[in-house]
Protein chains: 2
Amino acid sequence: MASNNDLIAVNTIRTLAADVVSKSNSGHPGAPMGMAPAAHVLWTRHLNFSSKNPKWYNRDRFVLSNGHACVLQYIMLHLSGYKVSMDDLKSFRQIDSITPGHPELGVTEGIEVTTGPLGQGISNAVGLAIAQAHLGAVFNKDGYNIIDNHTYVFLGDGCLQEGVASEACSLAGHLKLANLIAIYDDNKITIDGDTAVSFTEDVELRFKSYGWNVLHVENGDEDYEAIEKAISAAQKNSSAPTIINLKTTIGYGSLKAGGHDVHGAPLKKDDLIQLKKKFGFNPDETFAVPQETTDLYKATAEKGAKKEAAWNDLFKSYAEKYPLEASELTRRMEGRLPEGWEKALPTYSTSDAAVGSRKLSETTITKLVEVLPELMGGSADLTGSNLTRWKGADDFQHPSTGLGHYGGRYIRFGVREHGMVAICNGMAAYGGIIPFSATFLNFVSYAAGAVRLSALSHLRVLNVATHDSIGLGEDGPTHQPVETAAWLRAVPNLAFWRPADGNETSATYLVAILSQHTPSVMAFSRQNLPQLQNSSIEKATKGGYVLDDIENPDLTIVSTGSEVPLCVEAAKLLKEKGIKTRIVSMPCIEVFNSQDTKYKLSVLPSGAPVLSVEAYSTFGWGSLSHDHFGLKAWGASGPFDKVYAKFDMTPEGIAKRGEKVVAFYKKRGQPVFSPLISALDDITE
Amino acid sequence: MASNNDLIAVNTIRTLAADVVSKSNSGHPGAPMGMAPAAHVLWTRHLNFSSKNPKWYNRDRFVLSNGHACVLQYIMLHLSGYKVSMDDLKSFRQIDSITPGHPELGVTEGIEVTTGPLGQGISNAVGLAIAQAHLGAVFNKDGYNIIDNHTYVFLGDGCLQEGVASEACSLAGHLKLANLIAIYDDNKITIDGDTAVSFTEDVELRFKSYGWNVLHVENGDEDYEAIEKAISAAQKNSSAPTIINLKTTIGYGSLKAGGHDVHGAPLKKDDLIQLKKKFGFNPDETFAVPQETTDLYKATAEKGAKKEAAWNDLFKSYAEKYPLEASELTRRMEGRLPEGWEKALPTYSTSDAAVGSRKLSETTITKLVEVLPELMGGSADLTGSNLTRWKGADDFQHPSTGLGHYGGRYIRFGVREHGMVAICNGMAAYGGIIPFSATFLNFVSYAAGAVRLSALSHLRVLNVATHDSIGLGEDGPTHQPVETAAWLRAVPNLAFWRPADGNETSATYLVAILSQHTPSVMAFSRQNLPQLQNSSIEKATKGGYVLDDIENPDLTIVSTGSEVPLCVEAAKLLKEKGIKTRIVSMPCIEVFNSQDTKYKLSVLPSGAPVLSVEAYSTFGWGSLSHDHFGLKAWGASGPFDKVYAKFDMTPEGIAKRGEKVVAFYKKRGQPVFSPLISALDDITE
């Protein structure tokens with residue numbers, strides 16, 4: 001039975017939620033008030049955490065997938081002793097507070113992943129669960145369950161409607177991730193009103209179809225024991241993830257309870273007064289936390305600290321018995337890379353064969369998995385095209401399938417791009433793993449919602465993106481990215497790489513792995529590319545560098561990936577016409593832009609016009625070049641060389657344009673300034 | 001029982017598919033060979049089409065959601081008398097052929113929607129089914145089922161794994177779209193091998209959870225009668241969409257049948273020979289079509305032509321009895337807009353109130369639905385925030401729900417952005433409807449895969465995108481688009497609009513609706529914006545125009561949306577410092593770029609530096625301005641005015657930057673050329 005103290009605590013959470021939203025005059029009180037019992041039961045009776053050491057590695061992970069309800073999470077963190085003060089609650093949704101409008105990883109201690117964009121949290125949770133399952137399989141020993149935490153998720157109707165959640169949950173069922181426990185806030189209300197207007201599917205049946213363990217709590221408002229029992233039953237299930245369908249009343253206690261008016265707006269004043277009276281609180285008092293609740297959560301926090309202490313003892317004993325494993329796990333928990341790992345990166349010279357850069361990527365991955373056991377990932381059902389599976393790889397699969405085991409590092413994501421990247425976000429957030437995804441560059445767009453959150457959350461996720469242009473040929477314009485590079489380059493804190501050869505491919509992986517707080521999308525060609533003269537890993541790590549220099553140039557051509565060798569050929573044609581051409585290879589604009597001004601101006605100096613060449617939309621090249629040769633619209637279906645020829649993107653076509661640009665600026669007879677020059681960025685000639 | 005002629009025809013399709021892929025040495029023979037029986041039965045016994053008039057309005061729509069199997073569709077079109085010749089089949093996947101690597105709307109007669117990117121076709125089909133249900137409800141009369149076609153879909157495992165399909169299929173179940181019949185090619189093979197590696201959900205149970213009618217054919221390779229019976233049963237079901245789980249063998253007949261080797265590569269030579277022998281074909285002959293098959297399909301085509309003739313008669317009689325309805329339906333079938341509809345667009349003057357442009361959008365929609373009965377759409381569960389539902393709107397719902405009816409024009413899409421836009425693509429492809437979607441601008445990214453296909457397919461889909469910047473305030477960076485505008489501007493044939501006031505909002509809708517072959521994303525503010533002096537619908541339809549001119553300017557500021565009024569204020573501050581500033585409002589770069597050079601240079605002439613101001617990533621402004629003021633990274637959570645102040649995006653902050661730019665160019669003392677100047681585009685000063 002729920003004690004009186006439980007009731008007081010739950011009502012404290014409810015009134016606090018109403019007060020916080022009321023003070024900020026912005027936010028969502030409804031779900032926090034409805035989910036307060038579940039939060040309270042989970043926190044005080046199940047969740048393993050250590051609020052004084054929020055990064056304790058074997059803590060349970062809690063994800064609020066319905067991130068708009070974050071008042072609830074901030075309150076729970078506050079009550080449990082995390083660094084979220086009452087003043088922080090009072091500055092909810094205010095500039096530079098640690099309690100922003102939706103939970104953000106890195107902003108608030110105790111927030112495991114960034115949520116709010118619906119469907120992401122539950123998908124991140126699948127990644128957190130994969131990470132636990134994998135690390136447990138790798139490091140646990142008989143009697144030493146060093147890594148055995150659960151991942152708990154709250155989610156609402158909105159999350160369940162999103163396709164990304166369908167993808168991730170279907171995969172979670174396939175993988176039988178029993179360490180994942182989701183609590184579905186079945187309150188029948190969305191912003192548009194009753195779920196009857198758009199969401200009438202049978203959620204329980206759907207999750208059964210995915211292979212989940214489905215439980216049900218009829219009275220999530222008051223029946224705390226049923227909630228506890230359901231969570232306990234979920235913990236005991238060892239063969240499938242669990243979803244608990246928890247019937248709740250949105251805005252429980254409010255005059256508007258059960259309706260959508262209470263979803264995303266503060267309670268009216270009279271409503272707030274009656275709420276507090278109803279729950280036995282002083283209506284004149286705000287932000288009240290009764291002593292009983294303070295005490296209860298203090299005890300909870302102490303319980304958590306003890307659990308951490310016990311784990312520390314266990315780990316100490318583990319370290320004595322398994323010193324190598326303990327040292328390796330410590331390294332991974334601390335996020336340190338193995339000494340000298342980068343020596344595994346292959347280097348190339350011009351005598352090496354011309355191959356597709358997807359093949360170069362395969363070679364690199366194959367080398368890296370040997371030295372980086374934390375590298376783990378897979379493809380969205382394009383393994384044979386993305387070339388992401390190394391020889392001897394074990395699949396990450398439930399052992400009962402006979403297809404792999406949880407210690408396996410290759411993930412079969414299925415045709416689920418959005419879920420894949422959201423899952424990788426969760427794996428990266430867990431720590432100790434460097435996750436990678438793979439698909440065609442064009443279909444990274446399907447994952448746009450998750451890619452931006454990798455970047456916003458500062459998560460090192462590597463995205464292998466092969467078939468990166470019209471160079472994929474026959475599949476045609478439905479599969480040929482044109483706009484994708486521009487989009488990715490505009491995402492803050494995201495590195496979009498498009499290496500031109502083997503050395504640049506190694507540089508791509510080098511920087512992507514060293515960038516501990518930045519995701520990368522790495523575009524690789526299907527078609528063969530020669531190994532360039534003058535390329536090197538070191539030069540390419542600058543993002544952009546001079547590949548072919550010449551004194552007193554008439555023209556600089558800047559290009560990326562598979563077009564760089566075409567430009568090298570074009571320069572030879574231009575030379576025959578007496579035009580001296582420098583070639584700049586620019587595998588990553590984001591990284592190039594982060595170099596110092598002097599270096600950047602040495603690559604793209606004033607003096608000669610700069611022509612950019614890339615088989616994409618030219619959008620965005622205006623800041624790096626004076627004129628731009630690219631695609632005006634979509635690609636075409638045909639053998640790749642004929643597609644390039646159709647768009648005149650050949651050495652001859654490039655040379656023709658180079659000539660035109662040189663003639664234009666000669667005729668103008670004015671000084672030509674570097675395109676990098678900017679008054680606002682203080683870049684002067 | 002299947003006749004011998006059926007067998008011959010099916011084997012003709014199979015050998016043709018193998019021959020086509022073999023000749024092109026590229027493509028996917030497996031699914032066409034496996035799905036040949038279903039295609040044959042559907043085409044010859046169920047599908048209503050008129051190959052000599054592929055646009056016959058009441059034809060059944062066929063969608064190949066697994067678009068990589070398009071050899072099958074091209075063969076069916078060829079056999080049925082469409083303009084797809086044997087030579088066209090022979091130039092499969094060759095440059096400029098009408099048989100590209102994946103089916104493209106507008107390229108090949110008889111292709112209803114562009115497919116290949118997985119999950120899109122089935123979602124388009126939901127839109128096609130909505131369109132039929134709606135137009136039938138509006139125009140059909142007792143005894144006159146003028147609009148009563150079915151939509152048939154083939155789809156594979158890949159489509160079912162994609163989240164977009166989950167979203168659309170869940171909604172289709174909710175809407176009880178009985179006119180939709182999907183045939184699932186359950187061949188247990190994906191690119192990565194057996195579906196056992198990643199896709200083990202119970203598909204039948206999942207579709208039951210969505211409320212679909214689920215049928216099952218155990219032997220899809222040989223049991224033609226079971227296929228026919230299933231389709232007939234589906235047609236008779238009037239309460240739900242149907243999915244037929246059809247067990248097939250991928251690459252049926254090949255030595256590699258049942259394996260993934262036959263998925264995406266040509267058959268080996270010996271395999272091709274044994275295939276033809278096995279099916280009683282001459283192994284030395286390629287592209288053979290036996291006379292029996294030619295005759296059978298000729299008869300099928302004639303049957304179809306008769307159906308069209310009968311429909312024409314019915315429509316004639318309908319037109320006599322219901323002349324107004326017939327004339328209106330004719331107008332909509334022909335895609336003509338009603339005379340003078342554009343007069344409904346509101347105009348504004350500076351005395352009108354400052355309101356959020358989402359509110360201006362609401363006003364415009366409210367006016368337009370009166371004069372444009374083809375305007376139909378809704379929101380992804382953000383109706384109250386997007387302000388897309390007009391007073392008196394009826395919801396598009398199955399009448400049994402009591403919440404609306406199929407004649408309703410307001411769609412409750414649920415939290416399903418990707419499905420929503422893909423559904424709108426289907427509705428637009430049906431014809432007679434101008435669909436609109438709505439969500440926050442940030443979440444248009446979730447629909448990226450469908451948005452690019454609107455553009456590639458030349459479909460007029462209007463996307464209302466409110467909460468378009470940091471101006472949404474408290475929700476914070478998880479909801480504030482920074483990179484989204486750059487992405488959308490880089491998509492060919494897509495108009496990204498960001499109007500600054502009421503007149504520009506009217507212009508946005510005017511151009512979006514007049515652009516019959518171009519989708520639009522229309523970004524609207526949450527925060528209030530004043531009505532600008534000098535704005536007009538006519539000027540704004542140019543995409544960019546001079547809002548405030550001045551002789552001998554020192555500076556031009558170009559801006560969009562909610563930042564334009566800030567720039568107007570900044571210009572006043574600059575004037576106090578003696579700096580003469582022109583203001584250019586640029587609501588749509590795509591449309592501005594399509595103006596003639598003379599006009600463009602009149603807006604952004606040489607002489608004075610141009611500074612762009614926009615609360616987004618500055619990526620892409622390099623082609624329109626010399627210096628750029630925007631966001632370096634993500635937004636922030638807080639009241640909107642404080643968020644703007646945090647990033648110094650205020651009249652003062654803009655003026656400060658304007659001053660700096662002017663000083664820089666004065667100091668340099670060189671002529672300042674228009675940023676539009678391009679040697680390659682022949683834009684000279």
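This is a predicted model: local features need pLDDT of at least 70, side-chain atom pairs count only at pLDDT 80 or more; totals for chains, interfaces and linings use all residues.
Two packed helices are described by the angle between their axes and the distance between the axes.

| Helix pair | Angle between axes | Axis distance |
|---|---|---|
| α1(B) (residues 4-24) and α10(B) (residues 269-278) | about 160 degrees | 10 Å |
| α5(B) (residues 120-139) and α12(B) (residues 323-334) | roughly 155 degrees | within 11 Å |

For the pair formed by helix α1 and helix α10 of chain B, the angle is about 160 degrees. Because an angle over 145 degrees counts as roughly antiparallel, α1(B) is roughly antiparallel to α10(B). The crossing in which α1(B) passes α10(B) is left-handed. On the side of α1(B), the contact is made by Arg14(B), Thr15(B), Ala18(B), Asp19(B) and Ser22(B), which meet Leu272(B), Leu275(B) and Lys276(B) of α10(B). By class, the residues of this contact of α1(B) with α10(B) are three nonpolar, two polar and three charged.

Helices α5(B) and α12(B), whose axes cross at roughly 155 degrees, are therefore also roughly antiparallel to each other. Here His134(B), Leu135(B) and Phe139(B) of α5(B) meet Glu325(B), Glu328(B), Leu329(B) and Arg332(B) of α12(B), and the contact of α5(B) with α12(B) comprises three nonpolar, one polar and three charged residues.

**Aromatic pairs**

Over all chains, the structure holds 43 aromatic pairs. One of them joins Phe62(A) and Phe154(A), whose ring centres lie 4.9 Å apart and whose planes stand at 90 degrees, so that the pair is edge-to-face. Since Phe62(A) belongs to strand β1 (residues 61-64) of chain A and Phe154(A) to strand β2 (residues 151-155) of chain A, the pair ties together parts that are 92 residues apart in sequence. Phe62(A) and Phe154(A) are both buried. Elsewhere among the aromatic residues, ring pairs link Trp56(A), Tyr144(A), Trp311(A), Phe315(A), Tyr318(A) and Tyr322(A) into a cluster.

Ser385(B) is placed in helix α14 (residues 383-386) of chain B. With a relative accessible area of 18%, Ser385(B) is buried, because buried means under 20% relative accessible area. When residues up to four places away in sequence are not counted, Ser385(B) touches Arg358(B), Phe440(B), Thr466(B) and His467(B).

Definitions and conventions
Residues are numbered from 1 along each chain as its sequence is written. Chains are lettered from A and ligands numbered from 1 in the order in which they are written. Side-chain values use heavy atoms; hydrogens and water are left out. Axes are lines fitted to C-alpha atoms, for helices over the stretch in contact, and angles run from 0 to 180 degrees between N-to-C directions. Helices (H or I, at least four residues) and strands (E, at least two) are DSSP runs, numbered from the N terminus. Angles under 35 degrees count as roughly parallel, over 145 as roughly antiparallel, 65 to 115 as roughly perpendicular and the rest as oblique. A crossing is left-handed if the near helix is turned anticlockwise from the far one by less than a right angle, and right-handed if clockwise. Contact means heavy atoms within 4.5 Å. Ala, Val, Leu, Ile, Met, Phe, Trp, Tyr, Cys and Pro count as nonpolar, Asp, Glu, Lys and Arg as charged, and the others, Gly among them, as polar. Rings of Phe, Tyr and Trp (its six-membered ring) pair if their centres lie within 6.5 Å; planes under 30 degrees apart count as stacked, over 60 as edge-to-face and the rest as tilted. Buried means under 20% relative accessible area, exposed over 50%, partly exposed in between (1.4 Å probe, protein chains only).
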